[in-house]
Every structure is written in C-alpha cells, then in structure tokens.
Amino acid sequence: MSKLHKGISMQSMLMITSILGADNCAAVLASQLGFSVEIVASRREGLARLRRHEYTLVVVDDAIAESDPEGAELLWKHAGLAVPMQINFAISGTTRLVREIRAVLARREQEQALAMRAAAVAVESELRDTVTGLILHSQLALTEPSISPELLAKLKTVAELAGNLQQRLGHSMN
C-alpha cells in the first residue's frame, strides 16, 4: 500500500494522542501501511506540525477531541488535504486502526477518481462547445462575399483544424 506522495516523498501520518503505547502503534502503522508516522501528545503540538508539514492523514485521539471540541475543529481546519480521522485509541486495536485507515484512504481515492472524471467531462464539454463555435463562425466567415484569397485560405485552415479537433473529441455535428 506504500505510495509516493506528490511523486517525491512517502505518505505521512500525524497521530495526535497521549496514550501509552503510541510509539508501538505508530511502528505497526508505519510497517503495515508504508507511511511515515509522527506522534504528538497535544492539540497545540498537532497544530504546530500541521503548519510546517503536509500530511496524508491526521488521526486524533477521541480523548483529545472530546475534551476540547473547539481545538479539534481547529485541527480539522488546518489539516489541509490530509484525511482527518478521530479514533478512540483506548478501545481500538492496531489491527482495527489499520483496517479503518485503509478503508478511509480507499474512499478518498475513489472520491478523487470520481472528481477527476467529472472535471475531465466538464473540460471536454467546454472544448466541444468552443470547437463547435469555431466551426460555425469560420463557416459563416467563409460565406462572406468580399474576403481576400489570403483570408479565405486562412479561414479554411481554421475550419479544417476545428473540424479535425471536433472529430478527435468524438463529437459529430448534426
């Protein structure tokens, strides 16, 4: 499951918990997920790290989030593109945590793929509209009676190029 983040560095996780054994948990998560894992014990330390680094995932202990809801909200606001998770470390085993992290990352990946497809469809639609406009306007310009031979040749080239682009986009004029 190890992937490169932004093509350069390993994915990273920030754990905000003061529970005993957090180091062992972080070691297992790093091993199982291929992440680099940083641990801080307080909301304040977490905010400081979030200001300095970009993370793939931010995991906050329930105890910290429940004792300071406004502070937890501040963490979520500063998480940037990181996936935010709130976990009860006192009752969640490392196996469960790994499973939940994998599930949330899979959901994020699926959401990103859907968003990229939607963006591609929107861009393609805009391109088709623009190409259709180019074809129509160049064809209208070609019907003008008083255009020079040089301009006529250029307009024919524009119309031909736009037509070729339209075919490449898979759009046929009716």
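Reader: Which residues of helix α2 are buried?

Author: This is a predicted model, and in it the buried residues of helix α2, which spans residues 43–52, are G46, L47 and L50. They cover an arc of only 100° around the axis, and therefore they lie on the same side of α2.

Reader: Which exposed residues does the face of α2 turned away from its buried side carry, and what do the buried residues pack against?

Author: On the face turned away from the buried side, the exposed residues are R44, R51 and R52, whereas the buried residues of α2 pack against β3 (12–16), β4 (36–40), β5 (57–61) and α4 (69–78).

Reader: Which residues touch the most other members in the largest nonpolar core?

Author: That core has 19 residues, and M13, M15, L29, L57, V59 and I101 touch the most other members. Two or more residues each come from β3, α1 (22–33), β5, β6 (83–87) and α5 (94–142). Apart from this core lies another, of 14 residues, among them I16, V60, I64 and A72.

Reader: What does M13 touch, if we do not count residues up to four places away in sequence?

Author: With those left out, M13 touches L29, L33, F35, S36, V37, E38, Y55, L57, V59 and I101.

Reader: Why does S138 count as buried?

Author: A residue is called buried when its relative accessible area is under 20%, and S138 counts as buried because its relative accessibility is 3%. S138 is placed in helix α5, and, leaving aside neighbours within four places in sequence, S138 is in contact with L155, V158 and A159.

Terms used. Residues numbered from 1 in each chain as written. Predicted model: local features only at pLDDT ≥ 70, side-chain atom pairs only at ≥ 80, totals over all residues. Heavy atoms only, no water. Buried < 20%, exposed > 50% of the residue type's maximum accessible area, 1.4 Å probe, protein only. Helix = DSSP H or I, 4+ residues; strand = E, 2+ residues; numbered from the N terminus. Arc of directions from axis to C-beta. Contact = heavy atoms within 4.5 Å. Core = buried A, V, L, I, M, F, W, Y, C linked by side-chain atoms within 4.5 Å.
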